[in-house]
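Please read it alongside the sequence and the model shown here.

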Amino acid sequence: MFVFRLDTHSGVPPYLQLVQQARQAVLLGFLQPGDRLPLIREVVEELAINPNTVAKAYRQMEQENLVTGRPGQGTFVNEQQSAVMSAATYTSLRRGLVTWLRRAYEAGLDEQAVDALFASVHQQTRNEGVA
């Protein structure tokens, strides 16, 4: 079953962290259409957060058509319009990214510099129409 995590040091509101995690899990294929998200009660117990925070995240996911709530049954992942990454593609890209990150850290970059470099190249690539 899918498990949410919270990073209390990220500066990102908890409800957005939940939405982002679910969105990423769907895009990476960890959550499939028809999979049930944990019940609000289960997330509240696991993360020790306010039920309204979890409900807000689930409402946001419904508004984005990521999930559908079924009264008395739970909240389920919808079929997605965009392509979901295959396991082989995920593994290959992850390996390449790990190699790149190791090289960046070995070159002396800190986390902020790595983030800045990645964001810069990502933006440039998007502007060129490659991504």
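Of the 131 residues in the chain, 24% count as buried. The model is predicted. The chain contains 5 helices and 2 strands, and their order along the sequence is α-α-α-β-β-α-α.

**Overall architecture**

- The C-alpha trace spans about 50 × 30 × 25 Å along its principal axes.
- Among contacts between residues at least 6 apart in sequence, 52% join residues at least 24 apart.

**Packing of α2 against α3**

- Two packed helices are described by the angle between their axes and the distance between the axes.
- Helix α2 covers residues 40-47 and helix α3 covers residues 51-63; their axes come within 9 Å and cross at roughly 130°.
- The two helices, α2 and α3, are therefore oblique to each other, since an angle counts as roughly antiparallel only when it is over 145 degrees and as roughly perpendicular between 65 and 115 degrees.
- The crossing of α2 and α3 is right-handed.
- On the α2 side the contact is made by Ile40, Val43 and Val44, and on the α3 side by Pro51, Val54, Ala55 and Tyr58.
- The residues of this contact comprise 7 nonpolar, no polar and no charged.

**Packing of α1 against α3**

- Helices α1 and α3 pack with their axes 8 Å apart, at an angle of about 45°.
- That angle makes α1 oblique to α3.
- The crossing in which α1 passes α3 is right-handed.
- From α1, the residues Pro14, Tyr15, Leu18, Val19 and Ala22 meet Thr53, Val54, Lys56, Ala57, Gln60 and Met61 of α3.
- The residues of the contact between α1 and α3 divide into 8 nonpolar, 2 polar and 1 charged.
- Val54 of α3 takes part in the contact with α2 and in the contact with α1.

**Salt bridges**

- Side chains of opposite charge can pair when their charged atoms come close.
- The structure holds 2 salt bridges.
- One of them joins Glu64 to Arg23, with the closest N and O atoms 2.9 Å apart.
- This pair links distant parts of the chain, since Glu64 is in the loop between α3 and β1 (67-70) and Arg23 is in helix α1 (residues 14-27), 41 residues apart.
- Glu64 counts as partly exposed because its relative accessibility is 33%, and Arg23 counts as partly exposed because its relative accessibility is 30%.
- A salt bridge also joins Glu42 to Arg36, where the closest N and O atoms are 3.8 Å apart.
- Glu42 has 26% relative accessibility and therefore counts as partly exposed; Arg36, with a relative accessible area of 27%, is partly exposed.

**Residues with positive phi**

- Most residues other than glycine have a negative phi, and most peptide bonds are trans.
- Ala48 has a phi near 55°, a positive value in a residue other than glycine.
- Ala48 is located in the loop between α2 and α3, and it counts as exposed because its relative accessibility is 68%.
- Asn65, which is not a glycine, has a positive phi of about 60°.
- The position of Asn65 is in the loop between α3 and β1, and this residue is partly exposed, with a relative accessible area of 49%.

- Thr75 is found in strand β2 (residues 74-77).
- At 11% relative accessibility, Thr75 counts as buried, because buried means under 20% relative accessible area.
- Not counting residues up to four places away in sequence, Thr75 touches Asp35, Arg36, Leu37, Tyr58, Val67, Thr68 and Gly69.
- Among these partners, Arg36 forms a salt bridge with Glu42, and Tyr58 belongs to the contact of α3 with α2.
- Leu109 lies in the loop between α4 (87-106) and α5 (111-127).
- The relative accessible area of Leu109 is 26%, so this residue is partly exposed.
- Leaving aside neighbours within four places in sequence, Leu109 is in contact with Ala104, Val114 and Leu117.

Methods. Residues numbered from 1 in each chain as written. Predicted model: local features only at pLDDT ≥ 70, side-chain atom pairs only at ≥ 80, totals over all residues. Heavy atoms only, no water. Axes fitted to C-alpha atoms, helices over the stretch in contact; angles between N-to-C directions. Helix = DSSP H or I, 4+ residues; strand = E, 2+ residues; numbered from the N terminus. Parallel < 35°, antiparallel > 145°, perpendicular 65-115°, else oblique. Left-handed = near helix turned anticlockwise from the far one by under 90°. Contact = heavy atoms within 4.5 Å. Nonpolar A, V, L, I, M, F, W, Y, C, P; charged D, E, K, R; others polar. Salt bridge = Lys/Arg side-chain N within 4 Å of Asp/Glu carboxyl O. Buried < 20%, exposed > 50% of the residue type's maximum accessible area, 1.4 Å probe, protein only.
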